[in-house]
Amino acid sequence: MSKAGVWLLQKLNRLLPKPVHPFNLQNDGKKSYAEWQYERGGETICFYLDFATPEQMFAGKRLLDIGCGAGGKSLYYAGLGAQVTGIDILPAYEAEARALCEKLGYAYGTQFRFQTADAADLPFADGSFDTIILNDAVEHVAQPEAMLAEALRVLRPGGRLYANFPPYHHPFGAHLSDAIGIPWVHLFFSEPTLITAYKQLVRDLPDGAERIAFRISRRPDGSEYFSYINHMTIRRFRRILQQMQIRPSYYREVPLRPYFAPLCHLPLIKEMFVKMVVFVVEKEAQPTERPE
């Protein structure tokens, strides 16, 4: 870790406005994380509307929202007619999810329920769900291959998995924008420098210790690392799909801005200008047996 690097990062950071972030909105008493998610629910499905309508995605569907956080987006999907199970690895989100469910007047346990679960080891039977949503989840899990395999296992034949994620080289792909507003900061500063700077920036906040514990872990050798992201690039993800023989029915790399679209086709820099990787997988329906 370079002290000069930490100083420079913090100096640059003071010159830039921080992006709006739910952690900061919650600290300021403006809205809870769950409420923020609910308000942005429509943004989580806008990438699929060239492929499917909201009715096709949600109406009358048994839906699994993997990585649901505080359940706000799950409740948005429930409002579109789905029976939603939201899962997250953090049990602390359940109380917030229940509170918003009650506030919105949804029936907890029928229209929506929260369950603590590991996406790589889902506690559901094969074919339990008609629709699965992976919104901003692929880049966070330690075992993305296991998560995809489990999602396809619990998806019914003929069902659809809808997924989107920002690639690691996205301007804010380090997921530190609650405290650091420098675009592509993770491409210019080392991880030890980022960790030190991040700790200093959030340590005095009401939830500073929680943020640090949420984002940073220690390896067996004692070194620290950002454990909440897996550095998922477009290249790595496409290789995973190929190795798992997953053929999306719909695939799209959304540019940061329409005028950046040409840059998204240049091999050396494309990953820096893609806002979102979007894909839909339709699970093959079981063939009907013919009578002999």
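Author: In strand β2, the residue that stands as bridge partner to L64 is T85. Two strands are said to pair if DSSP finds at least two bridges between them. Strands (E, at least two residues) and helices (H or I, at least four residues) are DSSP runs, numbered from the N terminus.

The model is predicted, and local features are described where pLDDT is at least 70, side-chain atom pairs count only at pLDDT 80 or more, and totals for chains, interfaces and linings use all residues. Residues are numbered from 1 along each chain as its sequence is written, and side-chain values use heavy atoms, with hydrogens and water left out.

Strand β2 is largely enclosed by the rest of the structure, because five of its six residues are buried. Buried means under 20% relative accessible area, exposed means over 50%, and partly exposed lies in between (1.4 Å probe, protein chains only).

Seven strands form an open sheet with mixed pairing, in the order β3-β2-β1-β4-β5-β9-β8. At its edges are β3 (112-116) and β8 (250-255), each of which pairs on one side only. On average, neighbouring strands of the sheet are turned by 15° against each other, direction ignored. Such angles run from 0 to 180 degrees between N-to-C directions, and the axes are lines fitted to C-alpha atoms, for helices over the stretch in contact.

Elsewhere in the sheet, strand β5 (residues 155-165) pairs with strand β9 (residues 274-282) in the antiparallel sense, over six bridges. Here A163 stands opposite F279 of β9.

Helices lie against the sheet as well. Helix α6 (residues 93-104) packs on it, touching β2 (83-88) and β3, and the direction of α6 makes about 175° with that of β3. Helix α11 (residues 234-243) also packs on the sheet, where it touches β5, β8 and β9; its direction makes about 180° with that of β8. Contact means heavy atoms within 4.5 Å.

A further helix, α7 (residues 144-154), has several buried residues: P144, M147, L148, E150, A151, L152 and V154. What covers them includes β1, β4 (129-135), β5, α11 and β9.

The loop between β4 and α7 holds D136. The phi of D136 is near 50°, a positive value in a residue other than glycine, and D136 counts as partly exposed at 33% relative accessibility. Another residue with positive phi is H175, at about 55°, although H175 is not a glycine. H175 lies in the loop between β5 and α8 (185-188) and is buried, at 18% relative accessibility.

The cysteines may be considered next. A disulfide is a pair of cysteine sulfur atoms within 2.5 Å, and a search of the whole structure finds zero of them. For C101, the closest cysteine sulfur, that of C68, is 12 Å away, too far for a bond. C264 is in no disulfide either, with the nearest cysteine sulfur, in C46, 16 Å away. C101 is buried at 0% relative accessibility, and C264 is buried at 5%.

Lastly, the aromatic rings. Rings of Phe, Tyr and Trp (its six-membered ring) pair if their centres lie within 6.5 Å; planes under 30 degrees apart count as stacked, over 60 as edge-to-face and the rest as tilted. The structure holds 18 aromatic pairs. One of them joins Y76 and Y77 edge-to-face, 6.4 Å centre to centre and with 75° between the planes. Y76 is partly exposed at 24% relative accessibility, whereas Y77 is buried at 0%. Ring pairs also link F23, Y33, W36, Y93, F214, F226 and Y228 into a cluster. R215 lies over the face of Y228, 5.0 Å from the ring centre. A charge sits over a ring if NZ of Lys or CZ of Arg is within 6 Å of the ring centre and within 35 degrees of the ring normal.
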